[in-house]
Amino acid sequence: MIGRGAVDLSVELPRGLRLDNPILVASGTFGYGVEYSEVVDIQRLGAICCKGTTLRPRVGNITPRVTETPAGMLNSIGLQNPGVDAVVRKYGPTWQGWHVPVIVNVAGESIDDYVEVARRLDGMPGVAGIELNISCPNVGRGGLQFAIDAEAAGAVTAAVRRATELPLLVKLSPNVADVRPIARAIEAAGADAITAINTLSGIAVGPGRRRPLLGNVYGGLSGPAIKPVALRIVYEVAQVVDIPIIAIGGVAELGDVLDYLAVGAIGVQVGTVLFADPTLPVRLIDELADECRRLGLNSYLPLVGTALPKRSSPMSAPSSKGVEYRP
Ligand SMILES: Cc1cc2nc3c(=O)[nH]c(=O)nc-3n(C[C@H](O)[C@H](O)[C@H](O)COP(=O)(O)O)c2cc1C
């Protein structure tokens, strides 16, 4: 047994967002934090990204909304939430008394929606930052997601940036051919960090094979099944932006955390695996400290980016032509 202490896992993100450690919990998989406070020592977490929050309350999609898949799950919750005012009223006072920072995940159907939610969160005690979920249909653009278009992703990021002084994280969708121009647009628009990735679009077939299973037909695939995709995206984005990246996708054990750090993430969020094991993130914090100690490090930061090509080498520079997948 390795003793605790001496290793500093803390990390400073822009705009004074200080995390005790790089292990966060992902939006939609940890409620508002309060639900888990009896089960785990939530104050030890790096940060909590709360459930997606919209301007007005949403009842969510019709059922069934979730189904298991090999090494993962599909969900189509549909952003069920009580709306930003109720969230702030109900949870703000509790969050304010917490040591762990709470980052509010924000969703909307128009830039005005996002801006208004950000305005209402700005300066609100208990809110440490905003994570924009831009994988939402942009009603003003015929239902196309903000996240699949660099111009739309940049526009919503810039508008929210103007509306708030809070640390601003923007979450990438994997459902694009090349995520790099989108990541660059988000950085140029003033985001403080990128989180990657949201779920992959998928479907399942229902009983009797008479229709798709989910009430909403489409769902988001998450869990260990998506880790190679998330790793690839973090690897690509880390080579084209300078802002910090927080990786999300199937984190289930310390090896996953170390892999994401190696391809350039400064931290990770744990999502789907929490449903099976809510104690995982706290265990990962201890295991990461043990690993640093084993390597003779007093910080985990030297583990970040070790598997990235050296930026100075033109031979290893990433292509700007698209995803480098060759069958
Ligand atoms: C049930 C469920 C609900 C989710 N709700 C949200 C949400 O409201 N906002 C968001 O940005 N991501 C949401 N996500 C996506 C997760 O935050 C995360 O990006 C994704 O699940 C990949 O990580 P994982 O494989 O560790 O679960 C949700 C995921 C699940 C499984």
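Leu132 of strand β8 (residues 129-133) stands opposite Val170 in β11, with strands taken as DSSP E runs of at least two residues, helices as H or I runs of at least four, and both numbered from the N terminus. This is a predicted model, where local features need pLDDT of at least 70, side-chain atom pairs count only at pLDDT 80 or more, and totals for chains, interfaces and linings use all residues. Residue numbers start from 1 along each chain as its sequence is written.

**Confidence**
- The chain's mean pLDDT is 94, and 94% of its residues reach 70 or more; pLDDT is the predictor's confidence in each residue, from 0 to 100.

**Parallel strands**
- Strands β8 and β11 run parallel and are joined by four bridges; a pair needs at least two DSSP bridges.
- On to β12 (residues 193-196): β11 is joined to this strand by four bridges too, also running parallel, and Leu169 has Ala193 as its bridge partner there.
- β7 and β8 run parallel as well, with four bridges between them, and Val104 sits opposite Ile130 in β8.
- β4 (residues 47-49) pairs with β7 in the parallel sense over two bridges, and Ile48 has Val102 of β7 as its bridge partner.

**What the strands hide**

**Nonpolar core**
- The largest nonpolar core has 99 residues, of which Ile48, Ala196, Val234, Ile245 and Val268 touch the most other members; a core is a set of buried Ala, Val, Leu, Ile, Met, Phe, Trp, Tyr and Cys residues joined through C-beta atoms within 7 Å.
- Helix α5 (residues 227-238) supplies the largest share of this core, seven residues.
- Skipping neighbours within four places in sequence, Ile48 is in contact with Val25, Phe30, Gly33, Ile42, Val100, Val102 and Ile103, where contact means backbone-placed C-beta atoms within 7 Å.

**Ligand shell**
- There are 24 residues around the ligand, and Gly28, Gly52, Ser222, Gly271 and Thr272 come nearest; a residue is near if its C-beta atom, placed from the backbone, lies within 6 Å.
- The shell divides into 15 polar, seven nonpolar and two charged residues, with Ala, Val, Leu, Ile, Met, Phe, Trp, Tyr, Cys and Pro as nonpolar, Asp, Glu, Lys and Arg as charged, and the others, Gly among them, as polar.

**Helix α6 and two Asp residues**
- Asp256, Val257, Asp259, Tyr260 and Leu261 are the buried residues of α6, and their cover includes α5, β15 (245-248), β16 (267-270) and α8 (280-294).
- Asp259 counts as buried because 21 C-beta neighbours lie inside 10 Å.
- Just after α6, Gly264 takes a positive phi of about 110 degrees.
- Asp122 lies in the loop between α2 (111-121) and β8, and counts as partly exposed because there are 14 C-beta neighbours inside 10 Å.
- Neighbours within four places aside, Asp122 is in contact with Ala163, Thr164, Glu165 and Leu166.

Note on methods
Buried ≥ 20, exposed ≤ 12 C-beta atoms within 10 Å, placed from the backbone.
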